[in-house]
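Here is a short report on one protein model. Keep the sequence and the 3D view open while you read.

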Amino acid sequence: MSPLASSNAQPLPLPPSEPEVSEVAIATAFNSNVQITDICSRQLPDSGERPEHTLDEQQITAVKPGGVKTELGKSPTQFQENDILLIYPQDFSNHSSLDLHVNPGKLKDALRRHIHDILDDRYESFQIENEPTWDEEQSLADSILTRLPAALYEFLNKDWSGRDWFVPEEYQALAKFHFAFIFFSKDDILDYKMCEEEGWEYPTYGYAKCSEFKKFLIKECLPLRKGWSEDEVQYIEEWLNCELKHSQKYPDRDRLKRYVDYCHYGPLKADCVSICDRSYRVHENRAAYNRIKNLESQVEKLS
């Protein structure tokens, strides 16, 4: 993600903290000055297309335009304000969103088909002697699916009752596993294994992303690459790259790491994250988010 751009909005003058200043005054000032969108052409809409999901009692509170104090959903003891969330930006049908358009059951079932395509290509090019059977392909698929991380296995097998839209908080297990296979090479795995055996810290240089993201990927995603054979790595990459490229309408499945991104939980829930037009890049409007937090603090002092 490129460095955050500064907001074009005029700085919002905070109200004095004397008791006679009302919450209405704060809300009015906020509503008339704050501009959430900045360099990006479209802000994420509060669309009815988003999947409904039950919110936990633990919430973060923010002041929304119009002066209404709203409760913004927070997953129970899982995400904190500065936590990183991996995201799949998408921009199609005039709808920009960080939601993932996927059917978990169909995604799971598609693995065997991708294994078939790879093995069939090998058979046609005389790399293997025997044409693969359906049972052999399904056995390979089952072997991979049963060894997936527990959270991802649950996501793929849960009864979502026909849902095919998921917010970032819901698809993190899938994103972490997928990112582990598109951001790291075989050499990365060998280096990581050596560092782990020697008790060294894995170096964070050598990636285009900023250092905070690198550290997150190394800590949360890189370990998920361990334990898979070269064939299984190829099956998994082909499967997830192709299916998620199709789901999000990305132009090229081999360039997915240029389209996927990350953001922080606080700005995401405060609607201060947007997608830049035609680039799939994510912009966090920190200036707007900081004003929301400052206003929230003022309201709390007066309440």
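E137 and R112 form a salt bridge, with their closest N and O atoms 2.4 Å apart. The model is a predicted one. E137 belongs to helix 3 (residues 134-145) and R112 to helix 2 (residues 104-124), so the bridge ties together parts that lie 25 residues apart in sequence. Is E137 buried or exposed? Its relative accessibility is 2%, so E137 counts as buried; the cut-off for buried is under 20%.

Helix 3 also holds D135. D135 is exposed, because its relative accessible area is 57% and the exposed class begins over 50%. The C-alpha atoms of D135 and R112 are 9.8 Å apart, and the two residues are separated by 23 positions along the chain.

**Salt bridges**

How many salt bridges does the structure hold? The count is 12. The table lists three of them, including the pair described above.

| E137 | R112 | 2.4 Å |

E296 and K293 sit together in helix 11 (residues 286-302). They are 3 residues apart, about one turn of the helix. An α-helix has 3.6 residues a turn, so residues three or four places apart point the same way. K293 has 28%, so K293 counts as partly exposed. The pair also belongs to a network of salt bridges that links E81, K293 and E296.

Helix 5 spans residues 172-182 and is mostly covered. Of its 11 residues, 9 are buried. The buried residues are Q172, L174, A175, F177, H178, F179, A180, F181 and I182.

Two packed helices are described by the angle between their axes and the distance between the axes. The axes of helix 5 and helix 7 (residues 211-221) come within 10 Å and cross at roughly 105°. How are helix 5 and helix 7 oriented to each other? They are roughly perpendicular, because the crossing angle of roughly 105° falls in the 65 to 115 degree class.

Which residues make the contact? Helix 5 supplies K176, F179 and A180. Helix 7 supplies F213, F216, L217, E220 and C221. By class, the contact has 6 nonpolar residues, 2 charged residues and no polar ones.

**A buried glutamate in a strand**

E284 is located in strand 11 (residues 282-284). With 3% relative accessibility, E284 counts as buried. What does its side chain reach? The side chain of E284 reaches the backbone nitrogen of H264, at 2.6 Å.

**Two loop residues with positive phi**

Most residues other than glycine have a negative phi, and most peptide bonds are trans. K249 is not a glycine, yet its phi is positive, about 60°. K249 is in the loop between helix 8 (230-248) and helix 9 (256-259). At 45% relative accessibility, K249 counts as partly exposed.

D271 is another such residue: its phi is near 60°, a positive value in a residue other than glycine. D271 is found in the loop between helix 10 (265-269) and strand 10 (273-275). Its relative accessibility is 26%, so D271 counts as partly exposed.

**The whole chain**

The protein has 11 helices and 11 strands. Buried residues make up 46% of its 303 residues. Among contacts with a separation of 6 or more, 71% are between residues 24 or more positions apart. The E137 and R112 pair, which opened this report, links parts 25 residues apart in sequence.

Notes
Residues numbered from 1 in each chain as written. Predicted model: local features only at pLDDT ≥ 70, side-chain atom pairs only at ≥ 80, totals over all residues. Heavy atoms only, no water. Helix = DSSP H or I, 4+ residues; strand = E, 2+ residues; numbered from the N terminus. Buried < 20%, exposed > 50% of the residue type's maximum accessible area, 1.4 Å probe, protein only. Polar contact = N/O pair within 3.5 Å; in protein donor to acceptor, adjacent residues only side chain to side chain. Axes fitted to C-alpha atoms, helices over the stretch in contact; angles between N-to-C directions. Parallel < 35°, antiparallel > 145°, perpendicular 65-115°, else oblique. Contact = heavy atoms within 4.5 Å. Nonpolar A, V, L, I, M, F, W, Y, C, P; charged D, E, K, R; others polar. Salt bridge = Lys/Arg side-chain N within 4 Å of Asp/Glu carboxyl O.
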